[in-house]
Amino acid sequence: VSEYIGMPLGSTFARTKLPVLKSFLFFGPQGSGKTMMVRALQSQCAALVLDLSPSNILEKYSDRSSVVKAFYMAWKVAHEFEPCIIVVNEAELIFPGKKKSKEAKAAAK
């Protein structure tokens, strides 16, 4: 984590000169330390954290187009104020998967 995320996030030289990835996805079961890792990166790299979790977004925006607009604005802010971390806990509540048709389920078996 420190080599691929922490160094490029905390160092302007590493961010501009080295070929680094621009985004990372932490996933895993509840209680595995994803949010704690984000908070540690934020404190060590002095990064701005934008929390777009459902608990913050859904009470302010009612329709899907407003939520998508909020995500777009967050990406613009993150690009402008580097280093920045965007956090979306429980993203499946905001963007649920598409339901599979009966034909797609039969073809998968």
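I began with Ser53, whose side chain comes to 3.1 Å from the backbone nitrogen of Asn89; a polar contact is taken here as a pair of N or O atoms within 3.5 Å, where within protein one must be able to donate a hydrogen and the other to accept it, and residues adjacent in sequence count only if both atoms are side-chain atoms. This is a predicted model, in which local features need pLDDT of at least 70 and side-chain atom pairs count only at pLDDT 80 or more, while totals for chains, interfaces and linings use all residues. Residues are numbered from 1 along each chain as its sequence is written, and side-chain values use heavy atoms, with hydrogens and water left out.

I placed Ser53 in the loop between strand 1 and helix 4 (54-57), and found Ser53 buried at a relative accessible area of 4% (buried is under 20%, exposed over 50%, partly exposed in between, with a 1.4 Å probe and protein chains only). Helices (H or I, at least four residues) and strands (E, at least two) are DSSP runs, numbered from the N terminus.

I then looked up helix 3 (residues 34-45), where Val38, Leu41 and Cys45 are the buried residues. Seen down the helix 3 axis, they fall within an arc of 65°, so they line one face, the arc being that of the directions from the axis to the C-beta atoms. The face turned away from that buried side carries the exposed Met36, Ser43 and Gln44.

Finally, I noted a mean pLDDT of 77 for the chain (pLDDT is the predictor's confidence in each residue, from 0 to 100).

Technical notes
Expected span 1.5 Å × (residues − 1).
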